[in-house]
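Please summarise the pockets, ring contacts and selected local features of the model shown below.

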Amino acid sequence: IVYKTVPKEKRGTYFAWRAIGSGIIGIYAGVGIIKPIIKNYEYPLNYLILFSSGAVLMLVAFILFFYTKEPKDKNVLLEERTFKKQIKTAVTILKQNKTYRNFVLLQCLMNLWFAGVPFVMLYAKENLGAIDIQIGEFITWGFAGTIISNLLLGYISNQIGNKSLMVTGTISALFVSISLLVFPYLSIPFWTFGFIFFASATAETGISTGSMNYMLETVPEEDRTTYIGLKNTLSAFAYCIAALIGSLRDIYGARSIFYVTGVIAIAALFLLYFLPEPRAKLMIKVYE
């Protein structure tokens, strides 16, 4: 739907303002709605109200999407494939399209990196002594990271390219992993731990927005859905492996997770070096 309705030069803006709107609503909902409900109603009524409200919002979103008119593809639809032929096509794509193969591997690596994100909060509480109020403040830092970083990342996506956007996100991810490892040894105020949540939100935005737009620009239009489906299927295997990364906490401690995610971020940057920038051809044409 995004491919058909949003020009590639404006997709960075689309994703950026979508994330900014979500961040602003998230901050308001957390402070102005969720907190009063949790405080003023007894359990389990408070959670019943929250989850019921979420269900209503999802229903509204579904209705809005239902009335979205999908533009027709310009190209003629491909001939119907059997499941066996679809698998054969997927294997051929991975063998012949080196750029796509490296891109999918990059996606799998970053899915593994995101496996460490849920443990940041636990690490702050169990290893650094953060209290609930501070955790709430750090979450707000994350929403702020989503809002502020998207103002810049949307521009990068539109004007420079989505490879640069993924590089920005991956560098932010590496910063998060390194900061978590060295923070206990730094003599700095504890509130600065919020910058890690800020950088984590920047990483998530840069990687998710950059990768989606990059794929839409580089895969063949006539077989776009096959490429997207194949990427999602292979990424699912990475999510399965991600569970093993989480188990490192019980065996070697939380810090071991951040050592692993740091190595993953470095490997991802190495892969990004070999990915071409699709906008380069467009820029050459403009200057000619």
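**Briefing**

Glu-277 has a relative accessible area of 19%, so this residue is buried (buried is under 20% relative accessible area, exposed over 50%, partly exposed in between, with a 1.4 Å probe and protein chains only). The model is predicted: local features need pLDDT of at least 70, side-chain atom pairs count only at pLDDT 80 or more, and totals for chains, interfaces and linings use all residues. Residues are numbered from 1 along each chain as its sequence is written, and side-chain values use heavy atoms, with hydrogens and water left out.

**Glu-277 and its contact**

- Glu-277 is placed in the loop between α11 (254-274) and α12 (279-287); helices here are DSSP runs (H or I, at least four residues), numbered from the N terminus.
- A polar atom of the Glu-277 side chain lies 3.2 Å from the backbone nitrogen of Lys-163. A polar contact is a pair of N or O atoms within 3.5 Å; within protein, one must be able to donate a hydrogen and the other to accept it, and residues adjacent in sequence count only if both atoms are side-chain atoms.

**Largest pocket**

- The largest pocket holds about 830 Å³ of space. On a 1 Å grid over the protein atoms alone, a pocket is an open set of points with protein on both sides within 12 Å along at least five of seven lines, while a cavity is a set of points where a 1.4 Å probe fits but cannot get out; lining residues have an atom within 4 Å of a point.
- Grid points are joined across faces, edges and corners, and a volume is the space filled by probe spheres set on the points.
- The pocket is lined by 33 residues, and those closest to its centre are Phe-114, Ala-201, Glu-204, Thr-205 and Ser-208.
- Two or more lining residues come from each of α2 (11-40), α5 (98-114), α6 (118-126), α7 (132-160), α9 (194-218) and α10 (224-252).
- With 11 residues, α9 gives the most to this lining.
- By residue class, the pocket lining has 18 nonpolar, 12 polar and 3 charged residues. Ala, Val, Leu, Ile, Met, Phe, Trp, Tyr, Cys and Pro count as nonpolar, Asp, Glu, Lys and Arg as charged, and the others, Gly among them, as polar.

**Largest cavity**

- The search of the whole structure finds 1 cavity of 30 Å³ or more.
- The largest cavity has a volume of about 40 Å³, and its lining consists of Trp-113, Gly-116, Val-117, Val-120, Val-176, Ser-177, Leu-180, Phe-258 and Thr-261.
- The elements giving two or more residues to the cavity lining are α8 (162-182) and α11, and the largest share, 3 residues, is from α8.
- The cavity lining divides into 6 nonpolar, 3 polar and no charged residues.

**Aromatic rings**

- There are 20 aromatic pairs. Rings of Phe, Tyr and Trp (its six-membered ring) pair if their centres lie within 6.5 Å; planes under 30 degrees apart count as stacked, over 60 as edge-to-face and the rest as tilted.
- The pair Phe-66 and Tyr-67 is edge-to-face because the planes stand at 90°, with ring centres 5.5 Å apart; Phe-66 and Tyr-67 are both exposed.
- Phe-183 and Phe-190 are also paired edge-to-face, at 6.1 Å centre to centre and 65° between the planes.
- Phe-183 is buried at 8% relative accessibility, whereas Phe-190, at 22%, is partly exposed.
- One aromatic cluster is formed by Phe-138, Phe-183, Phe-190, Phe-193 and Phe-197.
- The charged end of Arg-224 sits over the Tyr-3 ring, 3.9 Å from its centre (NZ of Lys or CZ of Arg must be within 6 Å of the ring centre and within 35 degrees of the ring normal).

**Residues of helix α9**

- Thr-202 belongs to helix α9 and is buried, with a relative accessible area of 9%.
- The Thr-202 side chain reaches the backbone oxygen of Phe-198 at 3.0 Å.
- Met-215 is also in helix α9 and counts as buried at 1% relative accessibility.
- Met-215 and Asn-162 are 53 residues apart along the chain, with their C-alpha atoms separated by 9.3 Å.

**Loop residues**

- Asn-97 lies in the loop between α4 (83-96) and α5 and is partly exposed at 23% relative accessible area.
- A polar atom of the Asn-97 side chain is 3.0 Å from the backbone nitrogen of Tyr-100.
- The peptide bond from Tyr-43 to Pro-44 is cis, with omega near 5°; Pro-44 is in the loop between α2 and α3 (45-66).
- Most peptide bonds are trans.
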